[in-house]
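I wanted a record of what I looked up in this structure, kept in the order in which I looked. The entries below are my notes.

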Amino acid sequence: MNGILNTILYFIMSTMLSTGATAVIEDTPAEVVENYFAALASGQQQIVQEYKDCDGLEQVEADVLKGLDYKIEDAIARNDVAVAKVMVTNRDFSKVGDNYKKDSHEYVMNHLYDKDITDKEKLAGECLKIYEKEVAEAADKSEEVSTEIFLPMVKNEDDDWQVLLKDDTRSALMGGLDLPGIEAGEEDGAKAEKPDMADTLRKSAVDNVLAQEEIPAYSVAQVQALDMSKPSGVSVEDLKLVTRYKLVGTEEKLYELEQNYNLNCLFLLGIASHESAYGTMQFHPNNVCGYGYSGFPSINDCLDTVGRVLAKNYLDPSGPYYKGNTIDSVNRTYAADPAWDSKVARKVSYFYGIISENHNKQLEKLK
């Protein structure tokens, strides 16, 4: 007999594991495994037994199981215990957790100022949708992974076989998917608390957001010392607090430029606000940044061009106009006015102050 299987068999006999037991009426260990996987495929059997009533788990488990395949490589039995060696293949769900963390963070930040963001039930519902979307995408697009597992079995008092699942085995069956911090409800007298996957996901998202640095309120002097090649960390909703007049509507573009380039978007907004009085004074059509001697098809086109030029030519050490990463360093080759840096810095400091006050107040409401 297989040495590994015998070792596991001895371990089962010694400890009689009892987690995740599933009754299966069959004669041989191989038939038990066949029956178990058939039940999984048909939806009659759940991998996560203790969460069978957990809100939101049904769709997740259905997506995880639809690509599950297996091959029984060996199976042995001794008295009332048995073990089978099985090669299981499934989609790779190991990145779902990180993708959910990123997307739920983005959702909360983009809706930070919505009146419903502090409604725990509504936010939990949105977080569940995000998680289900990540699982569904992994089920359709991720690569397949194969893992060798050992399924132990014991006979219960009715002489029915029971498959015993450990956490590592369950993880292999689920393609490495980690359910985000869900713990089964503990018994409280005769009543057990029903676990709620959606609310657990909400708490995970909120904890992740709160763990991020709050947006500080910088003085003018502090702004002048900042590295403008580093992102500000503000969201589109944050930017809507500080855009004015004809610069209203540029928030998506400013945020996009910060994500795509090594650029603090509040610096770019500060330039546009100073050079054109928030877009109300333009010497050339849509040229809100005072860049060059021509106009642009739109204000967003101007911001796109100037943002890219700042990032590559002024803030990148390999750029032709690079003198450093501060506003003063950019001033040396961008503007003729020697006081340009302090004027722009005052705008940026003003933006940080407004955003910091409102942003941090909203974060407190999430707790």
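**Entry 1, the chain as a whole.** I note at the outset that this is a predicted model. I counted elements and found 14 helices and seven strands in the chain. Of its 367 residues, 46% count as buried. I then looked up the accessible surface of the chain, which comes to about 18,500 Å², with 46% of it belonging to carbon and sulfur atoms. For the contacts between residues at least 6 apart in sequence, I found that 69% join residues at least 24 apart.

Which residues have the most contacts inside the largest nonpolar core? I found Phe37, Tyr131, Leu151, Leu173 and Leu177 in that position, in a core of 52 residues. Helix 5, residues 120-141, gives the most to this core, with nine residues. Apart from it I found another core, of 43 residues, which includes Ile215, Leu239, Tyr278 and Cys302. I went back to Tyr131 and listed what it touches, leaving out residues up to four places away in sequence: Val60, Val96, Tyr100, Leu177, Asp178, Leu179, Pro180, Met197 and Leu201.

I asked how many residues of strand 3 (residues 81-91) are buried. The count is nine of the eleven, so I take strand 3 to be largely enclosed by the rest of the structure. On one pairing, strand 2 (residues 69-78) runs antiparallel to strand 3 and is joined to it by nine bridges, with Lys71 having Met87 as its bridge partner in strand 3. These two strands form a hairpin with two residues between them, and Asn79 in the turn has a positive phi of about 55°. Strand 3 also pairs with strand 4 (residues 144-155), again in the antiparallel sense, over eleven bridges; there, Val81 has Val154 as its bridge partner in strand 4.

I checked the length of helix 2 (residues 29-42) against expectation: at 1.5 Å a residue its 14 residues should span 20 Å, and the end C-alpha atoms are 20 Å apart, which agrees. Its buried residues are Pro29, Val32, Val33, Tyr36, Phe37, Ala39 and Leu40. Why do the buried residues of helix 2 line one face? Seen down the axis of the helix, they fall within an arc of 155°, so one face holds them. After helix 2 comes Gly43, whose phi is positive, near 85°.

In helix 10 (residues 251-260) I found Glu251, Lys253, Leu254, Tyr255, Leu257 and Glu258 to be buried. What covers these residues includes helix 9 (236-239), helix 11 (265-276) and helix 12 (299-314).

I located His284 in the loop between helix 11 and helix 12. Is His284 buried, partly exposed or exposed? Its relative accessible area is 27%, and because that value lies between 20% and 50%, His284 counts as partly exposed. Leaving aside neighbours within four places in sequence, I found His284 in contact with Gly292, Tyr293, Ser294 and Gly295. For Ser294 I also looked up the spacing: His284 and Ser294 are ten residues apart in sequence and 5.7 Å apart in space, C-alpha to C-alpha.

Key:
Residues numbered from 1 in each chain as written. Predicted model: local features only at pLDDT ≥ 70, side-chain atom pairs only at ≥ 80, totals over all residues. Heavy atoms only, no water. Core = buried A, V, L, I, M, F, W, Y, C linked by side-chain atoms within 4.5 Å. Buried < 20%, exposed > 50% of the residue type's maximum accessible area, 1.4 Å probe, protein only. Helix = DSSP H or I, 4+ residues; strand = E, 2+ residues; numbered from the N terminus. Contact = heavy atoms within 4.5 Å. Pairing = 2+ DSSP bridges. Areas by Shrake-Rupley, 256 points an atom, 1.4 Å probe, with all protein chains shown as cover. Expected span 1.5 Å × (residues − 1). Arc of directions from axis to C-beta.
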